[in-house]
Amino acid sequence: MKFNQDSINELNILLQYDLSNIEQGIKIHHDADPATVAAAGRLFKKNLINKMDGGYLTSIGITAAEHAQATAGLLNIKLSP
């Protein structure tokens, strides 16, 4: 299974959340990139966030964001030549 662009857009939204302060949400403005707005809508429908335009992570959303951020951290490790 590969990540498609929709999944990447959803992961990028999850990466915006500050997991050290889960009481801090995000806001995706109506004039944001349409792909980002659509990704937020899909995350809402999947019950990972509590608002169509971002809001707060749900409990399952926290888990998803933790995994997304851990994966991003591993993929962004600088390798020595």
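How many salt bridges does the structure hold? There are four of them, a salt bridge being a side-chain nitrogen of Lys or Arg within 4 Å of a carboxyl oxygen of Asp or Glu. Some of them are picked up again below, once the overall layout is clear.

A word on the model comes before that. This is a predicted model, so local features need pLDDT of at least 70 and side-chain atom pairs count only at pLDDT 80 or more, while totals for chains, interfaces and linings use all residues. Residues are numbered from 1 along each chain as its sequence is written, and side-chain values use heavy atoms, with hydrogens and water left out.

Walking along the sequence, the pattern reads α-β-α-β-β-α. With a radius of gyration of 13 Å, close to the 12 Å that the globule rule gives for 81 residues, the protein is as compact as a globular protein of that length. That radius is taken over C-alpha atoms, and the rule is 2.2 Å times the number of residues to the power 0.38. Along the principal axes, the C-alpha atoms fill a box of roughly 45 × 25 × 25 Å.

Of the 81 residues, 27% count as buried. Here buried means under 20% relative accessible area, exposed means over 50%, and partly exposed is in between (1.4 Å probe, protein chains only). The accessible surface comes to about 5800 Å², and 57% of it belongs to carbon and sulfur atoms; the areas come from the Shrake-Rupley method with a 1.4 Å probe, and for residues only the protein chains shown count as cover. Taking the contacts (heavy atoms within 4.5 Å) with a separation of 6 or more, residues 24 or more positions apart account for 56% of them.

Next comes helix 2, residues 34-45. Its 12 residues reach 17 Å from the first C-alpha to the last, close to the 16 Å expected at 1.5 Å a residue, where the expected span is 1.5 Å times one less than the number of residues. Ala-39, Ala-40, Gly-41 and Leu-43 are buried in helix 2, and their cover includes helix 1 (5-14) and strand 2 (49-51). After helix 2 comes Asn-47, in the loop between helix 2 and strand 2. Asn-47 has a positive phi of about 65 degrees, although it is not a glycine. At 47% relative accessibility, Asn-47 counts as partly exposed.

Helix 3 spans residues 59-75, and its 17 residues reach 25 Å from the first C-alpha to the last, close to an expected 24 Å. Which residues of helix 3 are buried? They are Gly-61, Ile-62, Ala-65, Ala-68 and Ala-72. Seen down the axis of helix 3, the buried residues fall within an arc of 130 degrees, so they line one face of the helix; the arc is that of the directions from the helix axis to the C-beta atoms. The face turned away from that buried side carries the exposed residues Ser-59, His-67 and Leu-74. Helix 1 and strand 3 are among what covers the buried residues of helix 3.

Back to the charged pairs. Side chains of opposite charge can pair when their charged atoms come close. Glu-10 and Arg-42 meet in a salt bridge, at 2.5 Å from N to O. Glu-10 lies in helix 1 and Arg-42 in helix 2, so the pair ties together parts that are 32 residues apart in sequence. Glu-10 counts as buried at 8% relative accessibility, whereas Arg-42, at 22%, counts as partly exposed.

Glu-10 also forms a salt bridge with Lys-46, the closest N and O atoms being 2.7 Å apart. Lys-46 sits in the loop between helix 2 and strand 2, so this pair ties helix 1 to a part of the chain 36 residues apart in sequence. Lys-46 is partly exposed, with a relative accessible area of 47%. Put together, Asp-6, Glu-10, Arg-42 and Lys-46 are linked in a network of salt bridges.

Lys-27 pairs with Asp-53 in a salt bridge, the closest N and O atoms being 2.3 Å apart. This pair links distant parts of the chain, 26 residues apart: Lys-27 in strand 1 (residues 26-27), and Asp-53 in the loop between strand 2 and strand 3 (54-57). Asp-53 is partly exposed, with a relative accessible area of 26%.

Definitions and conventions. Helix = DSSP H or I, 4+ residues; strand = E, 2+ residues; numbered from the N terminus.
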